[in-house]
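Colleague: I would like to go through this model feature by feature. Please give the general idea where there is one, and then the case at hand.

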Amino acid sequence: MKWFIDNMFGYWILLLAISCGLSAICYEYFLRALMK
Amino acid sequence: MFDFTVAGHVVPVFLLVLTGFTVGIVGGFIGVGGGYMVTPALIVFGFPGYMASGTDACHIAGKAVISSIRHRQLGNIDWVIALSMVGGTMLGVELGVRLLNYTKAIGLSGVVLLAASVAVMLGLFIYTQVETQKSHKKMDEDSKAGREIGRDVKVSKIPLFFQSIPIRPFIKAGKARLVISMWVIVIVGVITGVLAGFLGVGGGFIRVPALVYVVGTTSHLAVGTDLVEIVVSGGYGALRQSMSGNVDFMAVFFMIIGAMLGAQFGSLATSFVRGPAIRYILSYSLILATVGAAMRLVYVLTGGTVEWLSFVAVVFTLGEMIFLCLFIISLVWFSIRHQHGKTVPPWVPPLVVKA
């Protein structure tokens, strides 16, 4: 975990993973029905 | 929950406000309109393509006004460069649109456009990322050696070449502290305008690197000056789209509510960081947009048969907005911690303003 904070590339990966997770939740709860 | 209908689709209002807010932060921070993020997002929300494009253009114009006002207060606009460039930009956009129509007329498909977008954005990403990493390293070394670091550090020598071109008339940009041939500014406006018009985007992600690496302004000035360009070009685009009936004003209203807060925060956030931090976020935005466009390219090339690719593209489209937003917010947070003498990650100090 320390590498993800102390390294800029690691931080980049960490934030991207969190963001994609949040957007997947958003898609699952709010957008799946709209996409059909 | 309060939702409303656009072209037969129920659109969740909070998603529109959230989109306006996140893209407002990103746009205010790196000086782009964010059309390459918002239009795909609106299509995901169920907007028809033409309506997504028109609504996006209208929202960008409104958001750029808010950001420009804030950047003007922060002293981040060079009006001489902005006004010299705006004519070239408009001419370039018109030429780009005509070039686009011509390529369509001779039968070149959307695949070529997507491939061109990927190539331009990838090239800009690589140059911006490499230059910014070198600047970051230089600032780190200066910091460790006890030397004072300026608000912006660049290692690129390209601006010196363009500033030495001896073609009259010259303009003296007081805020940017440079003297340059007006033709350089106009031609930069035309070329970035052509690319913007041809690729169907606002062009901020092309103009900001051009202002930094060709004209030679600081990153902060490039952001503020480019937003003035977006007010003009986005305003024109919004007018054209409104006259064509491609704008859903209720959607624009809710997106502007989010953008009012986001654009203010994004613009103010620039005062917490040094130039390379802005260029880092710009390059991240470029690579994420490149990956998104590459996914759409693969989806088109495979004839839309790969189901999971569609899901990944949707998650990525929304994810990139959240990612950029979180990165900017965390930089501000790290800057405040650093100012109060608290621990921050080792890569942060050269990127943020100490006092």
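Colleague: How many residues of chain A are in contact with chain B, and how many of chain B with chain A?

Modeller: Keep in mind that this is a predicted model. In it, 17 residues of chain A are in contact with 18 residues of chain B. On the chain A side, α1 (2-6) and α2 (8-35) each supply at least two of the residues that touch chain B. The largest share, 15 residues, comes from α2(A).

Colleague: What is the division by class on the side of chain A that touches chain B?

Modeller: That side of chain A divides into 14 nonpolar, 2 polar and 1 charged residues.

Colleague: What secondary structure does chain A have, and what percentage of its residues count as buried?

Modeller: Chain A has 2 helices and 0 strands. Of its 36 residues, 8% count as buried.

Colleague: And chain B: how many helices and strands are there?

Modeller: Chain B has 12 helices and 4 strands. Its radius of gyration is 20 Å, close to the 20 Å given by the globule rule for 355 residues, so chain B is as compact as a globular protein of that length. The C-alpha trace of chain B spans about 60 × 50 × 40 Å along its principal axes. Buried residues account for 53% of the 355 residues in chain B.

Colleague: Among contacts in chain B between residues at least 6 apart in sequence, what percentage join residues at least 24 apart?

Modeller: The figure for chain B is 78%.

Colleague: Now helix packing. How are two packed helices described?

Modeller: By the angle between their axes and the distance between the axes. Take helix α2 (residues 35-44) and helix α3 (residues 49-73) of chain B: their axes come within 9 Å and cross at roughly 140°. That angle makes α2(B) oblique to α3(B), since only angles over 145 degrees count as roughly antiparallel. The crossing of α2(B) and α3(B) is right-handed.

Colleague: Which residues make the contact of α2(B) with α3(B)?

Modeller: From α2(B) they are Gly35(B), Val38(B), Thr39(B), Leu42(B) and Ile43(B). From α3(B) they are Gly49(B), Ala52(B), Ser53(B), Thr55(B), Asp56(B), His59(B) and Ile60(B). By class, this contact of α2(B) with α3(B) has 5 nonpolar, 6 polar and 1 charged residues.

Colleague: At what angle do α1(B) and α3(B) pack?

Modeller: Helix α1 (residues 13-30) of chain B and α3(B) pack at about 50°, with their axes 10 Å apart. That makes α1(B) oblique to α3(B), and their crossing is right-handed. Here Gly20(B), Gly24(B), Gly27(B) and Gly28(B) of α1(B) meet His59(B), Lys63(B), Ser67(B) and Arg70(B) of α3(B). By class, the contact of α1(B) with α3(B) has no nonpolar, 6 polar and 2 charged residues.

Colleague: What angle do the axes of α9(B) and α11(B) make?

Modeller: The axes of helix α9 (residues 219-243) and helix α11 (residues 275-301) of chain B come within 8 Å and cross at roughly 55°. That makes α9(B) oblique to α11(B). Ser219(B), His220(B) and Val223(B) of α9(B) meet Gly275(B), Ile278(B) and Arg279(B) of α11(B). The contact of α9(B) with α11(B) has 2 nonpolar, 3 polar and 1 charged residues.

Colleague: Turning to burial, how many residues of helix α8 of chain B are buried?

Modeller: In helix α8 (residues 204-215) of chain B, 12 of the 12 residues are buried, so α8(B) is largely enclosed by the rest of the structure. Among them are Phe205(B), Arg207(B), Pro209(B) and Tyr213(B). After α8(B) comes Gly216(B), whose phi is positive, near 100°.

Colleague: Let us end with a single residue. Is Val314(B) buried or exposed?

Modeller: Val314(B) counts as buried, because it has 22 C-beta neighbours inside 10 Å and the cut-off is 20 or more. Val314(B) is found in helix α12 (residues 307-339) of chain B.

Colleague: Which residues does Val314(B) touch, not counting those up to four places away in sequence?

Modeller: On that count, Val314(B) touches Tyr27(A), Leu31(A) and Val44(B).

Note on methods:
Residues are numbered from 1 along each chain as its sequence is written. Chains are lettered from A and ligands numbered from 1 in the order in which they are written. This is a predicted model: local features need pLDDT of at least 70, side-chain atom pairs count only at pLDDT 80 or more; totals for chains, interfaces and linings use all residues. Axes are lines fitted to C-alpha atoms, for helices over the stretch in contact, and angles run from 0 to 180 degrees between N-to-C directions. Angles under 35 degrees count as roughly parallel, over 145 as roughly antiparallel, 65 to 115 as roughly perpendicular and the rest as oblique. A crossing is left-handed if the near helix is turned anticlockwise from the far one by less than a right angle, and right-handed if clockwise. Two residues are in contact if their C-beta atoms, placed from the backbone, lie within 7 Å. Ala, Val, Leu, Ile, Met, Phe, Trp, Tyr, Cys and Pro count as nonpolar, Asp, Glu, Lys and Arg as charged, and the others, Gly among them, as polar. The radius of gyration is taken over C-alpha atoms; the globule rule is 2.2 Å times the number of residues to the power 0.38.
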